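These notes go through the structure point by point. Please read them with the sequence and the model side by side.

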Amino acid sequence: MGTTGRQHLSWTVREQTDAKPIRLVVLDEHSLFRVSLARLLTCETGLEVVGECGTSAEALEMLSGSPVDVVLLDFDLGAEQAEELISSARKAGCQSRFLIVAGTTDAERSATALKIGASGIFLKSEVPERLVQAIRVIAGGSVWVDQKIIQLLADQCLNQLRHVDEKSGSPLEDREERTLQGILGGLTNRDIAAGMGISESSVKNILQGLFTRTGVRKRSQLVRLALEGSLGNLHLSVQQQEK
């Protein structure tokens with residue numbers, strides 16, 4: 001995980017085992033911020049800024065010219081431009097991972113960023129050390145989402161499920177809600193069980209019930225759907241199919 005406890009959500013973090021630096025491209029339309037950020041990251045051991053750009057077109061040209069591990073993308077450019085950049089990069093065979101750098105905690109925009117293929121969302125209000133940590137986590141093959149955004153998305157997810165369940169007449173039980181909140185907060189089954197005063201096997205049974213409700217088979221799929229804001233829609237779709 002990016003940090004211990006509930007600080008940040010990440011999956012399957014893989015430590016880097018070689019000496020190759022993480023190659024970065026910084027995309028931000030504001031020159032002062034872009035240059036300052038690039039200089040800051042260049043001073044970090046194991047990081048190498050191979051390009052700075054102010055437009056998506058410039059970024060695509062850089063990505064086609066040499067291998068890049070992580071692209072830092074200012075989400076103030078807009079969701080449409082971000083989606084076009086990531087989509088175009090993927091079509092061109094680019095394997096770079098995209099870290100959205102956002103100025104505000106916006107659940108809808110954050111969900112959109114994850115849907116279009118971003119590997120993480122980092123808030124500009126965080127300290128530089130966190131950014132370096134986020135870059136390393138993402139370069140290692142995991143996902144980084146700021147805890148404030150996770151909470152927003154978790155609340156949105158639960159509201160969606162409550163709305164769907166009100167229509168279906170099958171509301172989420174308190175233990176199901178608390179289990180889902182724990183999962184979205186990055187807690188283990190053991191931590192969730194301890195917080196609820198129940199056994200770990202009971203948490204596993206609750207989790208299996210959530211899988212059935214949402215039509216997914218894995219914990220990571222449940223989390224991803226929740227963060228994308230798609231969990232409620234999927235739940236409704238599954239119920240309609242069952243009918």
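1. On helix α9, the face turned away from the buried side carries the exposed residues Asn-205 and Thr-212. Buried here means under 20% relative accessible area, exposed means over 50%, and partly exposed lies in between, with a 1.4 Å probe and protein chains only. Helices (H or I, at least four residues) and strands (E, at least two) are DSSP runs, numbered from the N terminus.

2. This is a predicted model, in which local features need pLDDT of at least 70 and side-chain atom pairs count only at pLDDT 80 or more, while totals for chains, interfaces and linings use all residues. Residues are numbered from 1 along each chain as its sequence is written, and side-chain values use heavy atoms, with hydrogens and water left out.

3. To return to α9, the buried residues are Val-203, Ile-206, Leu-207, Leu-210, Phe-211, Arg-213 and Thr-214. They lie on the same side of α9 because they cover an arc of only 160° around the axis; the arc is that of the directions from the helix axis to the C-beta atoms. The helix takes in residues 200–214, 15 residues, and reaches 21 Å from first C-alpha to last, close to the 21 Å expected at 1.5 Å a residue. That expected span is 1.5 Å times one less than the number of residues. Just after α9, Gly-215 takes a positive phi of about 80°.

4. How many helices and strands does the chain have? The secondary structure comes to eleven helices and seven strands. Of the 243 residues, 47% count as buried. Among the contacts with a separation of 6 or more, 67% are between residues 24 or more positions apart; a contact means heavy atoms within 4.5 Å.

5. The next point is confidence. The pLDDT is the predictor's confidence in each residue, from 0 to 100. Its mean over the chain is 78, and 77% of the residues reach 70 or more. Among the elements, strand β2 has the highest mean pLDDT (95) and helix α11 (residues 231–242) the lowest (40). Over residues 1–17 the pLDDT is below 50, and this stretch has 55 contacts in the model beyond near neighbours in sequence. Residues 232–243 also have pLDDT below 50, with 17 contacts beyond near neighbours in sequence.

6. Strand β2 (residues 22–27) is mostly covered, with five of its six residues buried. Six bridges join β2 to strand β3 (residues 47–53), and the two run parallel; strands pair if DSSP finds at least two bridges between them. Ile-22 stands opposite Leu-47 in β3. From β2 the chain crosses through helix α1 (residues 31–42) to β3, and this β-α-β crossover is right-handed. Right-handed means that, with the strands pointing away from the viewer, the path from the first strand over the helix to the second runs clockwise.

7. Strand β2 also pairs with strand β4 (residues 70–74), in the parallel sense and over four bridges. Leu-24 stands opposite Val-70 in β4, and Val-25 has Val-71 as its bridge partner there.

8. Why is β4 largely enclosed by the rest of the structure? Five of its five residues are buried, so β4 is largely enclosed. Val-70, Leu-72 and Asp-74 point one way from β4, and Val-71 and Leu-73 point the other way. Strand β4 pairs with strand β5 (residues 97–102) as well, in the parallel sense over five bridges. In β5, Val-101 is the bridge partner of Asp-74.

9. Leaving aside neighbours within four places in sequence, Leu-152 is in contact with Thr-105, Asp-106 and Ala-107. Leu-152 and Ala-107 are 45 residues apart in sequence, and their C-alpha atoms are 5.7 Å apart in space.

10. Two further helices complete these notes. In helix α7 (residues 174–184), the buried residues are Glu-176, Glu-177, Thr-179, Leu-180, Gly-182, Ile-183 and Leu-184. Just after α7, Gly-186 takes a positive phi of about 85°. Asp-191 has its place in helix α8 (residues 189–196) and is partly exposed, with a relative accessible area of 40%. The C-alpha atoms of Asp-191 and Val-203, twelve residues apart along the chain, are separated by 9.9 Å.
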